[in-house]
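Here are my notes for you, as numbered points. Have the structure open while you read them.

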Amino acid sequence: MSKKTFLIFCLFIVSFSALFGQLGIPDFKRIIVLFGQIASKDYPTKGNPYLETSILVESSPGPLRVPGGSKVLYVQHIDTASSVIAASMPGMIAVSQEDNLVSIYSGNDLIPSQNISYSDAETIIGILGNKVRAASPYYFLRVYDSKNKAWLNPVLFAPSLEDRGSPQIDEIILQGKDKAYRYQKSLKNRSRIPQGRYILELGVEDIVRTNSVSGLYHFRVILDGSVIIEKKLDSASANERGLSFFGFTPPSSKAVGINNFLNVGEISLLRGLHNLEIIVADYAGNTTSVPWSITVE
Amino acid sequence: LIYIFLIPDTIGKDTLVKLLPEIKILGEAEANLPPGLADQEIRAFTGKAHIGYYSAKGNLTALLLRDLGSLVEDEFAILRTGNTKEFSFIDLKNKKSRVIGEEGLPLAFTGNPFMMRNDQMGVSKLGKDGAVLWRYEFGKIVTGASIAHERSAFGTLSGEAIVLDGKGLPLYIIDPSAFGLSAKYSCIYGISLSPDGSMLAMLHDLEPQRLTIFNERGSGWGILASTVIKKESPYPRESMFSNDGSQGLFDSGEGLIHFDAEEKEFRHIPLEFENVVPGKSMISPLGDDGFAFLANFKHANNFGLVINGVLRASFPVGTEAATLNVREGEVDIIGEAEIMRLFVDSGIQ
């Protein structure tokens, strides 16, 4: 863990209880953590994958409130003729919180208030409604740390989620310079691959089995008993070239491999027999582990 | 013909506003654009419920229902086609179309097509045929954009402007706080590049909110002028340079602020804006050094003209007037059921 990441992590611990109510997550029905997931997976163009920074909050129709004392920083409403972006994109409200945090609420079901009147108790910043679908309205929540210039995983501030399901690893790929080697569960013998450096790509998701899902959080790769990769989806730093996930240089597409799965990191495999183990945990602590026996030639 | 003489011109001539026949936006919306649409001179319009095209003569030639993401411009349209959720780029001039294949929603800044990512933190610039020319991830939420002279400037929720070159490579990051313009909260609410790309206007921050004009100086940028906005607000607001870049006009929340680039001076045009619905004002350059605008004041939705920093005309145009289409002296005010047309002669030779 880098020094900066460690400082941010300490901030979470210190501020967690204070922020719990501040972010204005009302009586939600369901939360799906999208932070760190590939956003544009359904689109054929390989050039534009990026990673999400939000959680999806499904809620009841009605007012969206934030605690009193919060400062509304930015309001984007589709009826805003004066801004091409506001008139074209879904509604958005940014609220400045304590500790240099900004919470951002957005989505098609969110109608920002046209005029916001502040009160000490709470402030109604918008209305959640859904005229088109019969389902409950939802919005996306993001949290930006303006001091450390990083997007924080909003699940760190959410109430504890009942998530008893482990993440599901669908694909493990060792992407070499010219060829990809895939883990096959049915294969009884050891996989045979040439010596070299490989990008480890994981096709993994935290399946929605209950009302909420806590999301992918912790990735660990063990080679012959030694931890060679350990990464967390706790934050993504933001700089002028984009988002940095997993410590990769921005943009966030660097954290997506050429097979369109998460790029967890690079590993070096020398000739011999090796045991690779991939362990993925969600934020609630549910863990999935896949061992992969490899003969490197 | 109806001639309306409005406010006497301070330089001795009169501003003439001639009312042209209006265009009725009536009829059944079509599912697709009609073939051969671009065989005549057409003008795109975006109303509250409808989008479409009308001819230079004033006939409605295409009418579609407006939904999130549908976009019409004079030379192209970006629409969801078929049963897919994907957007197609329709090149009206060459009568070709292609699936864009990018995630997000289409936007156009002064006729330049972009796809804005759904997280509003990245853009893909499209060429004239709809192909992706370049992509850029800002890592911050984009709140405004302006394109001019092979440059694009993007304002962010974090309070900086990022200026990219014609290939989408970063040229400058302009952070007002780095120029000593500190504020309690940082954010960009309005952004505009001058036509030659050498000046950048930014309406920025809260407590205090400022309007600042930056100009390019050698390898960097400096402050040309800055003023504090008294009636600050968290809503995006219009900011615009004139076509010759000599002037700027900005929504101050309580009126308009005119900027004279030569004199480096701001001049307040108090109009007592009624921000019942914030962000409703709209400003378009008119001629070389003038502006047409729509704004709520005096209990009405008003159209107005500012020429050389002087309010030359203003009159109510009905509550449904939402956007402006300005071409040389012709101004079309897009309402819900009709397009009101004006010919404006500024009287300045």
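1. Let's begin with polar contacts between the two chains. In this predicted model, 14 residue pairs are in polar contact across the interface of chain A and chain B, counting pairs with both residues at pLDDT 80 or more. As for salt bridges, the rule finds 1 across that interface. Its partners are Lys71(A) and Glu207(B), whose side chains meet at 3.2 Å, N to O.

2. Which elements of chain A supply at least two residues each to the side that touches chain B? They are the strands β4 (71–76), β5 (91–96), β9 (138–145), β17 (235–239) and β18 (242–244), together with the helix α2 (84–88). β4(A) gives the most, with 6 residues.

3. By residue type, the side of chain A that touches chain B has 24 nonpolar, 18 polar and 6 charged residues.

4. Now for the extent of the interface. Contacts join 48 residues of chain A to 56 residues of chain B. About 4,300 Å² is buried between the chains, and carbon and sulfur atoms give 59% of that area.

5. Please look at the nonpolar cores too. The largest one has 85 residues, and those touching the most other members are Ile104(A), Tyr105(A), Trp151(A), Leu174(A), Leu202(A), Phe219(A) and Leu276(A). Another core lies apart from it, with 26 residues, including Leu71(B), Phe76(B), Phe114(B) and Leu164(B).

6. Leaving aside neighbours within four places in sequence, its contacts include Leu202(A), Val204(A), Ile229(A), Phe246(A) and Leu262(A). Glu230(A) and Lys231(A) are also among the residues in contact with Phe219(A).

Technical notes
Residues numbered from 1 in each chain as written. Chains lettered and ligands numbered in written order. Predicted model: local features only at pLDDT ≥ 70, side-chain atom pairs only at ≥ 80, totals over all residues. Heavy atoms only, no water. Core = buried A, V, L, I, M, F, W, Y, C linked by side-chain atoms within 4.5 Å. Buried < 20%, exposed > 50% of the residue type's maximum accessible area, 1.4 Å probe, protein only. Contact = heavy atoms within 4.5 Å. Buried area = accessible area lost by both parts, 1.4 Å probe. Salt bridge = Lys/Arg side-chain N within 4 Å of Asp/Glu carboxyl O. Polar contact = N/O pair within 3.5 Å; in protein donor to acceptor, adjacent residues only side chain to side chain. Helix = DSSP H or I, 4+ residues; strand = E, 2+ residues; numbered from the N terminus. Nonpolar A, V, L, I, M, F, W, Y, C, P; charged D, E, K, R; others polar.
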